[in-house]
Amino acid sequence: MNAKQEKKIKGLRWWIVTLVAVATMINYIDRFAMAIMWPEMSEELGIGNAGYAKIMSMFLVAYGVSQMLSGKLYDIVGTRLGFVISIVVWSLSAALHGLARSVVSFSLVRFLLGVGEAGNWPGATKSNAEWFPAKERAFAQGIFSTGTSAGSIVAPPLIAILYLSIGWKITFMLLGLLGMLWIIPWWYLNRALPKDHPWITDEEKQHILGDQALSDTPASTERVPGWGELLTYKQSYSVIISRIFLDPVWWLFVVWLPIYLHNKFGFNVKEIGMYAWMPYVGAALGSLFGGYLSGYFMEKGWTVNKARKWAITLGAIIMFPSLIMTAFASTSAAAIALITIILFGFQISMNNIQTLPSDFFGGGTVGSLAGMGGLSAVLGVIVVTNLVPVIVDTSGYTLVFLMGAGLVPAALLFVFLFSGEIKKVQLKEPK
């Protein structure tokens with residue numbers, strides 16, 4: 001069958017980003033499982049919050065380093081193979097949690113989980129840069145980011161049901177199968193980049209490749225700066241430093257929400273399964289709204305610079321007072337409602353920050369800068385994750401949420417301080 005006889009798939013880019021979102025959902029189900037079951041696992045294993053923080057820190061160390069290395073890996077091998085490598089590693093690691101019994105063994109499998117799961121983010125950012133024109137990228141980023149929210153929504157009831165039915169050991173082993181199944185449609189549909197894909201329609205190819213901002217795909221002859229050179233551009237720091245401050249807000253809830261509900265309001269695993277998913281509905285809506293909003297304003301004639309900054313600022317305005325109010329929430333209903341609003345605002349800001357690498361640089365560099373941003377984010381998250389049990393033991397959760405509120409304006413400041421006008425960076429001439 002020649003190229004002209006090949007079948008065509010309308011809206012192929014939307015199928016690709018949907019598969020990325022599904023991978024992200026699986027990523028978060030695997031990631032969230034331990035936190036959901038931990039209140040009762042910890043009693044069986046005799047491991048307290050300090051041990052839990054150490055285990056999670058090992059995950060975060062691996063996650064941070066691997067985001068940077070995975071970004072470079074994706075730039076070298078491409079998104080198709082890169083995603084397969086990442087998901088095989090994290091799926092095997094998720095299954096191995098069922099064999100762990102101590103802080104050391106959990107730290108080891110959690111470290112491997114971080115190595116694999118980290119690739120999802122630079123890979124998704126790079127995939128969106130390859131498959132979408134600039135005005136659609138934030139919305140595509142929003143679709144991919146709904147996978148984090150969908151995984152966080154699905155995980156609590158799913159994990160609670162599995163835990164109550166078959167126990168935590170077999171639950172982890174079953175979760176390892178999900179990613180392996182995902183590889184099948186991914187490998188089948190994502191055969192090539194838009195320029196060469198045999199199933200893309202001519203109209204969609206022109207829509208993608210005709211956009212000037214995407215003339216920088218990996219097939220381009222544009223020079224690709226390395227990590228060292230990227231650090232010589234101030235625009236890189238708008239991603240790198242802002243994420244040090246903003247990402248810990250999200251991870252406060254990924255790591256500690258089930259334990260907060262258990263410690264503060266006495267929730268058991270069943271109750272965590274019933275209620276801990278609710279805030280991530282807000283996150284899902286924020287992902288879509290934040291991406292849609294910046295794209296909508298670009299359609300209305302706003303520059304990329306104005307649309308991105310406006311969306312990032314709006315998310316910060318929503319998060320800041322909500323975090324302060326959560327610090328003083330006296331009921332579980334009030335806390336869950338406020339956290340829903342926080343995560344809605346977080347995703348509006350973060351989706352647009354995660355789009356900045358593709359706004360600033362060409363396709364061969366996007367994964368590398370996204371990975372560097374991921375590494376810097378994890379440095380902030382590790383610090384905050386280990387501060388939480390210390391703060392809780394001495395002052396309770398009030399100071400934890402006030403600390404989170406203080407991180408938001410700091411993140412916003414560094415976006416504006418280093419980004420300048422958000423547009424393609426003119427690369428320096430090599431010496």
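**Ground rules.** I am working on a predicted model, where local features need pLDDT of at least 70, side-chain atom pairs count only at pLDDT 80 or more, and totals for chains, interfaces and linings use all residues. Residues are numbered from 1 along each chain as its sequence is written, and side-chain values use heavy atoms, with hydrogens and water left out.

**Aromatic pairs.** I paired rings of Phe, Tyr and Trp (its six-membered ring) when their centres lie within 6.5 Å; planes under 30 degrees apart are stacked, over 60 edge-to-face, the rest tilted. That gave me 38 aromatic pairs. I looked up Y233 and F361: they are edge-to-face, with 5.6 Å between centres and 70° between planes. Y233 sits in the loop between helix 8 (227-230) and helix 9 (234-265), and F361 in the loop between helix 13 (332-360) and helix 14 (363-395), so this pair ties together parts 128 residues apart in sequence. Helices here are DSSP runs (H or I, at least four residues), numbered from the N terminus.

Y233 is buried at 4%, and F361 is buried at 3%.

Next I took F289 and F344: their ring centres are 6.0 Å apart and their planes are at 25°, so they are stacked. F289 belongs to helix 11 (residues 279-299) and F344 to helix 13, 55 residues apart. F289 is partly exposed at 33%, as is F344 at 23%.

**Charges over rings.** My test was NZ of Lys or CZ of Arg within 6 Å of the ring centre and within 35 degrees of the ring normal. K428 lies over the face of Y233, 4.8 Å from the ring centre. R80 does this to W187 at 3.5 Å.

**Core.** I defined a nonpolar core as buried Ala, Val, Leu, Ile, Met, Phe, Trp, Tyr and Cys residues joined through side-chain atoms within 4.5 Å. The largest has 122 residues, and those touching the most other members include W250, W251 and Y280. Helix 1 (residues 12-45) gives the largest share, 19 residues.

Conventions. Helices (H or I, at least four residues) and strands (E, at least two) are DSSP runs, numbered from the N terminus. Buried means under 20% relative accessible area, exposed over 50%, partly exposed in between (1.4 Å probe, protein chains only).
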